[in-house]
Amino acid sequence: MGAIVAIVGRPNVGKSTFFNRLIQRREAIVDAVSGVTRDRHYGKTDWNGREFSVIDTGGYVVGSDDIFEKEIDKQVELAIDEADAIIFMVDVESGVTGMDEDVAKLLRRVDKPVFLAINKVDNGQREADAVEFYSLGLGEYYTLSSINGGGTGELLDALVKVLPEIEEKVDELPRFAVVGRPNAGKSSFINALIGEERYIVTDIAGTTRDSIDTKYNRFGFEFNLVDTAGIRRKAKVKEDLEFYSVMRSVRAIEHADVCILLLDATRGFDGQVQNIFWLAQRNHKGIVILVNKWDLVEKETNSVRDFEKKIREAMEPFVDVPILFISVLNKQRIFKAIETAVEVYKNRSKKIVTRKLNDIMLPIIQNHQPPAYKGKFVKIKFCTQLPTPYPQFAFFCNLPQYVREPYKRFLENQLRKQFDFTGVPMTVFMRKK
């Protein structure tokens, strides 16, 4: 389980480039609201053996400087609320700007680690120019270049030293987190399950900010339900509702065993929902997808099949996830949803005896050998499940470096087919025998 690090600052200082370098891939979620285009980036990374989630707060394109400054202030405040540490990025080429000073003013008030990162420092002259950023009043700074990676190691070394040690608790009740976009029906779903109006969303500043656990005992299985909706100060969030919602989902996903992802059938499996799905997948959590408000969708003969097909296409290659069509308002299939989540939890905890694993998998491998690569033939001799919280399998062979990704996917698909790991991300490793 990791901590959360937010990258804040005005647009065009290199935050997204730095973010992409950290997670070692390019990815962005675009959320257009009332003419304001925003890029939302969320990812998982690690440094020196410490895992943490990274959130790039992105920038805006708006009509006026005044509105612009208000929007950036709100987003920085939200990042401060949720993050364990903050990287404040500035641009040495532009020097200290008025917007930088506004953000620094906010950051000087917080009791969290703040790292001032001066970007685009790729020569000695710019290193000297960076001195002016002492005027922001944030103490020591780190110079780096997001494009070529220079200086990032020193920043990350200092960052991981201050991240809180979050231990995985054992022998406690399983945690099922209900996540998704605002207004998808998350609180209503839990209210319907427990039979009371426990979760309330208000416009009053100071409404409960923490995720609330509800003990639930049905189907002979006891667990905690965690709601991530209604835990925000709407007067403060306003247009940043999506951003705040996903930050809460990040925190809930970190602590969950199974993520129950609710989506609004009238909006579909859109970018923001996909983003939350991949967060859960990268965190190796069990996943159940619930398509809520299905009663509001105009049906045709193959509506369910076609809707499910679109979702699975967007999830590829991890398509072995249960998808249920429900109506919280009419209480249609909501208890089936919990039964499914319980099954996914059991799948995630499943341990396969090594002898049984080899008795089933080795004949399959014998009939479908790994393709020869560069004239080399791979011979897989043995396999075992690793002692980890989620399913990981090691296959021992003579030339592990020559086993390509398509064959690893074949092995994963066979494991799923033979042992039922529906709803659970899985990792397959090739090891030298």
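Let me start with Val 90, whose bridge partner in strand β6 is Ile 118. Helices and strands here are DSSP runs numbered from the N terminus, with at least four residues of type H or I for a helix and at least two of type E for a strand. Please keep in mind that this is a predicted model, in which local features need pLDDT of at least 70 and side-chain atom pairs count only at pLDDT 80 or more, while totals for chains, interfaces and linings use all residues. Residues are numbered from 1 along each chain as its sequence is written, and side-chain values use heavy atoms, with hydrogens and water left out.

Now, the neighbours of β6. Strand β5, residues 85–91, pairs with β6 in the parallel sense over six bridges, where pairing asks that DSSP finds at least two bridges between two strands. On the way, β5, helix α3 (residues 98–107) and β6 make a right-handed β-α-β unit; right-handed says that, with the strands pointing away from the viewer, the path from the first strand over the helix to the second runs clockwise. Strand β7, residues 141–143, runs parallel to β6 and is joined to β6 by three bridges, and in this pairing Leu 116 stands opposite Tyr 141 of β7. From β6 the chain crosses to β7 through helix α4, residues 124–129, and this β-α-β crossover is right-handed.

Why is β6 described as largely enclosed by the rest of the structure? Five of the six residues in this strand, which spans 114–119, are buried, and therefore the description holds; buried means under 20% relative accessible area, exposed over 50%, and partly exposed in between, with a 1.4 Å probe and protein chains only.

Let me move to another part of the chain, where an open sheet of three strands has the order β14-β15-β16 with mixed pairing. Its edge strands, each pairing on one side only, are β14 (380–385) and β16 (427–432). Strand β15, residues 392–397, pairs with β16 in the parallel sense over six bridges, and there Phe 393 stands opposite Val 428. Helix α13, residues 405–419, packs on this sheet, touching β14, β15 and β16, where contact means heavy atoms within 4.5 Å.

Finally, the cysteines. How many disulfides are there? The count comes to zero, taking a disulfide as a pair of cysteine sulfur atoms within 2.5 Å. Cys 259 counts as buried because its relative accessibility is 1%, and Cys 383 counts as buried at 0%.

Methods. Axes are lines fitted to C-alpha atoms, for helices over the stretch in contact, and angles run from 0 to 180 degrees between N-to-C directions.
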